Amino acid sequence: MLTSKERVLTTLDHKEADRIPICPPGGRVNIRPEIKRFIESFDFDRFAGLNFAKNLEERRELSHGIYVDDYGCVYRHKGVSEIPYCIYSPLEDVRRVEEVEAYSKWPNPDDPSLILKDAHRKAKKIFEETDQVTTVSIGSIFHRYTWMRGFNKWLLDMKLNPEIYEAIASKICDIRLRFTLNLLNEVGDYTDLIQMNDDLGFTKGPFMSLQDFRRFVKPYYEKLISGIKKGYPKIKFWLHSHGAITKLIPDLIDSGVDVLNPILPGDNMDPYVLKNKFGRDLCFDGGADVEYIIPFGTVKQVEEHVKEVVKILAPGGGYIFRVQMISNLVSYENLYAAYKTAIEYGRYDR
């Protein structure tokens, strides 16, 4: 029987542990009371965050559900999502590179007040006194671009305004890398995993062609990840991206990505293809069908689905199970069945 930390690190090294790691679901807003109790009491493999710094991504409420962040972007809740949508992009109308450089609300990543004074001590305590894998979450590069400029202009700039694209993307990447390295200077010796969120596609494919990905996205990932791993080579890099992005995976691996999440069936991410083509180089986190089977299937369908996903992705290590997202549409019975089945069929001594 391994500790949770040993189990996850063994898995990330593409080796079989005692069982696959089992992580808690996301999206825990307005959920049923019995599900909340289950999440609080179940013996998940949890990650311990070491983000002992000011959160540059934090959205502060102004009034009546309107939020603003340190970059000057404004957000509002729409629909049932727990994440507010950007309704004001401060760089939407810029026409010259000079305007990007002159924007007054770019954060200074080298501001020493951004890092908590006792960050090193707190990270050391967690590392030594818990059995959890430790993580540092660093936000995003291209989500941030869409908030600063607008989603459509992110893609249009690639073709129509490459100089502005380069100016904005380089600025965001530089802020992200410098801030991350400053934090890792305090907590890096105790960090196992860097986590970043950047959705790169939708259910039919990536947002851009492979050629445009290689020109307009990959170089920034390479700069960011290599900059981190140069100083901290033991740290693994975990990327969250929705979408049918199978064709991008070789380049993500080449950029230094170690773990890909959430690999959803509803995004046409085929677990058999992923494991057989990329399983030697990439770990997978997720895999459960949260669009259809988990919320709307029968208990039997949930059990059979989870068995199949685990059967495909677990052999040889490199797989972490989680139900990526839940809502009040998900019943306790289905969620319990998913995790109970993953525990039972995710053991390597069966």
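**Close-up 1. Helix α13 and the second largest pocket.** In this predicted model, helix α13, which spans residues 299–313, gives the most to the lining of the second largest pocket, with three residues. The whole lining is made up of K307, V310, K311, A314, P315, Y345, G346, R347, Y348 and R350. Sort those residues by class and you get five nonpolar, four charged and one polar. The space inside the second largest pocket comes to about 160 Å³.

**Close-up 2. F151 and W154, a ring pair in helix α6.** The aromatic pairs number 24. Take F151 and W154: their ring centres are 5.8 Å apart and their planes sit at 65 degrees, and since over 60 counts as edge-to-face, that is what this pair is. Both residues belong to helix α6 (residues 151–160), where they are three residues apart, or about one turn of the helix. Is each one buried or exposed? F151 has 37% relative accessibility, so it counts as partly exposed.

**Close-up 3. Arginines over rings.** Two spots here pair a charge with a ring. At W147, the charged end of R59 sits over the ring, 4.7 Å from its centre. Over at Y71, the residue lying across the ring face is R144, at 3.8 Å from the ring centre.

Terms used:
Residues numbered from 1 in each chain as written. Predicted model: local features only at pLDDT ≥ 70, side-chain atom pairs only at ≥ 80, totals over all residues. Heavy atoms only, no water. 1 Å grid on protein atoms, 1.4 Å probe; cavity = no way out; pocket = protein on both sides within 12 Å on 5 of 7 lines; lining within 4 Å. Points joined across faces, edges and corners; volume = space filled by probe spheres on them. Helix = DSSP H or I, 4+ residues; strand = E, 2+ residues; numbered from the N terminus. Nonpolar A, V, L, I, M, F, W, Y, C, P; charged D, E, K, R; others polar. Phe/Tyr/Trp six-rings, centres within 6.5 Å; stacked < 30°, edge-to-face > 60°. Buried < 20%, exposed > 50% of the residue type's maximum accessible area, 1.4 Å probe, protein only. Lys NZ or Arg CZ within 6 Å of the ring centre and 35° of its normal.
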